[in-house]
Structure formats: C-alpha cells, structure tokens
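Let's take a look at where this structure leaves open space and what sits around one of its ligands. Have the picture handy as you read.

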Amino acid sequence: MYLKLSVKNTESDFVKKIEEISGENLMKCNQCGKCSAGCPSVSRMESLPNQVIRRVQLGDESVLEDDTIWLCASCFTCAVRCPKGVDLSKVMEALRLLTLRKNVNYTQIEKIPRDELEVLPPIALVSNFRKMTS
Amino acid sequence: MKIPYYPGCTLKAQGLGFETSAIASAKAVDIEMMELQRWNCCGTVFSLASDDLMHYIAPIRNFIRVQEAGYDKVVTLCSMCYNTMKRANLLVKNDSEKLKTLNDFMYREEDYKGNVEIVHLLELLRDEIGFETISKKVIRKFNELKVAPYYGCMLTRPKEVGIDDWEEPQIMENLITALGAEVVDDPMRGECCGAYHTVNSKDLVAERTRMIVTSAKNRGADIIVLSCPLCEFNLGTRQKDTIEIYSDFSGIPVLYFTQLMALALGMGKEVCRFDLHYVDPRPLLIEKGIIEEGEEKNAR
Ligand code: SF4
Ligand code: SF4
C-alpha cells in the first residue's frame, strides 16, 4: 500500500469529520495494539483495529473501502481496554456512517434468504439494519 | 416489591421462555413484574455517533411510559435492551440540551424529566432480594449440574453501564451457586458471540460459537446460561450451522438464567418453554434426574 504522509492530510476534512461524529480525539492513540488483541472479528479483518485508527490519523480515506469497519460487532471490548481511553467502537461507527449517510447499504436486505428470515429473531434483524443500512 | 417491566421485541417471539420463566421466578422471590403499557422497541443498539439524536427517541419514549405509570424504576431482562436504554438514559441525564431537543421533538408526550432508573433483573436479585434469600427458596436439586455463565458484551460493557466488573464479573456465578448448581469457570464468558453479524456472516458467528461453546464444554459444562436472546440465537440455534462448517463440533444446551432459576424454585415445566430452544435440554435434565421422564411432555 502506498500512502503519502503529509501534515495536511492529518488535518483534512475527513479526519475532522470522524473526530466530530465519534467525539473521540484520534491523536490520543499511541498504537499499543491492545484493541486488536481483544477484538472478536480480528481473524477476518483486512486491517487490524489499531491500523484502522492509524490510517484515520493519517487521513487515509481508503480505510472506508476496507471490510474491517463492517466486521466490527460493536462489542466494546476495545473501548474498555484501551489504556489511552480511546473509544474505538465510536470511531468504527463514525467510519460506517460516512458510507451509510450517502444512502448506501452494507446489508442487502433483499438478499437475505427466506428460510433465514423465518428463523432470525427480531433482535438480530433490527440491530443489523440499524448498524448496516442507511 | 412491584416494578414495571420492559420486555423488548424478542421476548415476545423466540425468547418467550425467558419472559415466562423470569416473571414466574421473580414472583417466587416477591418481585411483581408488571408489563409496561404501550412500550416500543428500544432500537436494540445504542447509537455511537455524537450527532444522532433520532436513535435515542425510542428508548427515551419508554422512560416516559414509566414516568406516566408513576414509577421511577423499570426492570428489563434482555441484555441488549438493558444496554441501549441505560446508555440513552445516561446520555440525557448528563446533557440537558439533548434532553430538551428530544422532548421538543416528542411534543405530544409529557416531558421526560430524566428521573427514571433502569435495572436488569440480575441486579434486583442481587441488590434488593439477595442471593441468600433466593437460596432458601430452592426446592429442586440440581444433582451436580455444571453450568457455565455467559455474559457476552452488553451486561458488563462499557464500564458506565455494566452491572458488574467488566473483566471479572461474579453476579451470574453467585446466582448459579445460590440455586444449587455448580459453576464452571470459563474464560470465554465475556467474548462477543458475533451479535448482528448473524444476519450476513453466519460463518463468522459459527467461528465464535465453536470457540465459546467448546470452551465451556471442555471445562465440563453441561449447559450454558445467559441473558440475551441474540446470544441465545447465536450460541444455541446457530450450533446447527456450526456443525455444518466444523464437523468435529458438538454442542450443549443454552438456556436463560431465569429458566435455571424457575427449575430450582420448583416450577420449571409450565414456564420454561424448552421447546423453543434448538438444543433441547430435556434429555439432559432427565438424565441428571432434575426433571422426571413424562414431566417433560408437559413442559411444552
Ligand atoms: S488500544 Fe487504544 S491506544 Fe492502543 S492501539 Fe487501540 S486505540 Fe490505540
Ligand atoms: S467494538 Fe468493534 S473494533 Fe472494538 S473490539 Fe469490538 S468488534 Fe473489535
């Protein structure tokens, strides 16, 4: 991956937007990696959670194309364990919202098989649609 | 004590046995849970964005219902409802401006004053009734039934809403002990089950289910007990999908803590709705001599 580092990118609108929506100060993160160590979805993630926050710090918008932000389960493990008090679950949510707020859905509701719809409890459907549809 | 009770959607569907066993066993320890009138879905997940007030309307409206009924406390069972409502409540209690905006938006309702408290049934049992009192009411013997408590995410995280320590919770362990069953110490009890990924990534959930259920089983657990209908679906019903992917996997029954309690207090069969669970616990309960052969037929 090629990424041009520049101070300008670290102060870009993208970074500001994520800080604003999440309410988190991204610069508090010192890349200790503890969030990634406890993340339940990590085995499937293209970038580890600590890499996600690093890329956002550097203004790398391509992080939005990564599956990582959609694999986050909002389990809050990272949030309770971060030694610097960063709530990464909020950063993940802000990143998802940048896409969802353009009216783009991650979950394709029409593609859920009928037999699955018959067994899935309301709590699964409502939470999934709230997190992954606009 | 009398207390309004917020059920949430899934307790009226797949999680019905959670509700019926909870109401019955709470009654046996002198808690009368009265279903809140005109409650609505809490939204199941708390919005983590700082600019997303719309998603707090559902939980806050439920607090208005409690206020209208003349109470300042409401009890809930589902871990996700508990978490979502508690966080929304905390948010408006600490931010009068946001509370005002929400109240203005719901101008047809009376204003929410921010004075209602939400508690989980486990907290009521620990703090108001006491596990010692509960243990004195135990009728049925569990004959060394080994039980692994599973907390998942929403009962203990984040810190400001957790009902117990977020790394070393003891509340379910203490209840299980009070009910006369054996606690299995399981390090996976706070690991996420994959939650709503069950809709579009069954294989991710199967990976989690395999890890969590196998861990409990390898430590000797006969059953897992928990407090969330989504965890119950993922760790229970999804055992079917887990076996399809991992042929070496074999599961164990997954129950709600209130079903264990109802059984202990001697009234399991009418209220437990074991038929709603993918892994039927009845053969195990008969084998252990906890329920009798034939009794399970009435257990619906
Ligand atoms: S745990 Fe906190 S400080 Fe450490 S890498 Fe993750 S976000 Fe950064
Ligand atoms: S909240 Fe998301 S990123 Fe954080 S540990 Fe859980 S799944 Fe991983």
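## Ground rules

This is a predicted model, where local features need pLDDT of at least 70, side-chain atom pairs count only at pLDDT 80 or more, and totals for chains, interfaces and linings use all residues. Residues are numbered from 1 along each chain as its sequence is written, chains are lettered from A and ligands numbered from 1 in the order written, and side-chain values use heavy atoms, leaving out hydrogens and water.

## The largest pocket

The largest pocket holds about 270 Å³. Of its 15 lining residues, Lys90(A), Phe46(B), Tyr56(B), Arg87(B) and Leu91(B) are the closest to the centre. (A pocket is an open set of points on a 1 Å grid over the protein atoms alone where a 1.4 Å probe fits, with protein on both sides within 12 Å along at least five of seven lines; lining residues have an atom within 4 Å of a point. Points are joined across faces, edges and corners, and the volume is the space filled by probe spheres set on them.)

Helix H3 of chain B, residues 79-94, gives the most to this lining, with four residues. (Helices are DSSP runs of H or I, at least four residues, numbered from the N terminus.)

## The second largest pocket

Here the space is about 230 Å³. Its lining also counts 15 residues, and closest to the centre are Leu97(A), Arg130(A), Thr133(A), Asp52(B) and His55(B). H7(A) gives the most, with four residues.

## Around ligand 2

Among the residues surrounding ligand 2 are Cys39(A), Cys72(A), Cys75(A) and Cys78(A), where near means a heavy atom within 4 Å.

Note on methods:
Helices (H or I, at least four residues) and strands (E, at least two) are DSSP runs, numbered from the N terminus.
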